[in-house]
Amino acid sequence: MISTALYVLVFGLIAGLALPWWGIGVAGFAAGFWKAPSAWKALGAGFSGAGVLWLTSAGYIHVKSGGRLTAKIAGIAGLSDPSLLVVITALIGGFVAALAAAAGYHLRLLLKKP
């Protein structure tokens, strides 16, 4: 599962250079299709790989902007704590990649059947 999560992280990093936010779903799908040993492990790997990637990305942006950017966006979203926005960002990315990785795994199973 750790290797699949690393594939999600690396594919997500590469996809983030060329695709919008939903590129993490493409990365999760590719990793789930290519590497996941089971559906549950695909879910876990997609969630953890994308969650770590988006948590570090959002945390880096939060730190580099001195918290001003996240404070403004948190205010728009109605959140009291700007750091909560970083965690919510990681959860959203994790859920998208987890579902995509499970879909990729199931497509691989579907294509294997005669």
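**Figure 1. Overall fold.** Read along the sequence, the protein has the pattern α-α-α-α-α. The model is predicted. Its secondary structure amounts to five helices and zero strands. The C-alpha trace spans about 55 × 25 × 20 Å along the principal axes. The protein has 114 residues, and 36% of them count as buried. Among contacts with a separation of 6 or more, 77% are between residues 24 or more positions apart.

**Figure 2. Packing of H1 against H2.** The view shows helix H1, residues 2–18, and helix H2, residues 23–34. The two helices H1 and H2 pack at an angle of about 145 degrees, and their axes are 8 Å apart. The crossing of H1 past H2 is right-handed. From H1, the contact includes Thr4, Tyr7, Val8, Phe11, Gly12 and Ala15. These meet Gly23, Ile24, Ala27, Gly28, Ala30, Ala31 and Trp34 of H2. By class, the contact of H1 with H2 consists of nine nonpolar residues and four polar ones, with no charged residues.

**Figure 3. Packing of H2 against H5.** Helix H5 covers residues 82–112 and packs with H2 at an angle of about 35 degrees. The axes of H2 and H5 are 6 Å apart. H2 passes H5 in a crossing that is right-handed. On the H2 side, the residues in contact are Ile24, Gly25, Gly28, Phe29, Gly32, Phe33 and Trp34. On the H5 side they are Gly93, Val96, Ala97, Ala100, Ala101, Ala103, Gly104, Tyr105, Leu107, Arg108 and Leu111. The contact of H2 with H5 divides into 12 nonpolar residues, five polar and one charged. Ile24, Gly28 and Trp34 of H2 take part in this contact and also in the contact with H1.

**Figure 4. The largest pocket.** The largest pocket holds about 240 Å³ of space. Its lining has 16 residues, and those nearest the centre of the pocket are Gly12, Gly16, Leu53, Trp54 and Ser57. Helices H1 (2–18), H2 (23–34) and H3 (39–64) each give at least two residues to the lining. By class, 11 residues of the lining are nonpolar and five are polar, and none is charged. Gly12, which lies among the residues nearest the centre of the pocket, is also one of the H1 residues that meet H2.

Key: Residues are numbered from 1 along each chain as its sequence is written. This is a predicted model: local features need pLDDT of at least 70, side-chain atom pairs count only at pLDDT 80 or more; totals for chains, interfaces and linings use all residues. Side-chain values use heavy atoms; hydrogens and water are left out. On a 1 Å grid over the protein atoms alone, a cavity is a set of points where a 1.4 Å probe fits but cannot get out, and a pocket is an open set with protein on both sides within 12 Å along at least five of seven lines; lining residues have an atom within 4 Å of a point. Grid points are joined across faces, edges and corners, and a volume is the space filled by probe spheres set on the points. Helices (H or I, at least four residues) and strands (E, at least two) are DSSP runs, numbered from the N terminus. Ala, Val, Leu, Ile, Met, Phe, Trp, Tyr, Cys and Pro count as nonpolar, Asp, Glu, Lys and Arg as charged, and the others, Gly among them, as polar. Axes are lines fitted to C-alpha atoms, for helices over the stretch in contact, and angles run from 0 to 180 degrees between N-to-C directions. A crossing is left-handed if the near helix is turned anticlockwise from the far one by less than a right angle, and right-handed if clockwise. Contact means heavy atoms within 4.5 Å. Buried means under 20% relative accessible area, exposed over 50%, partly exposed in between (1.4 Å probe, protein chains only).
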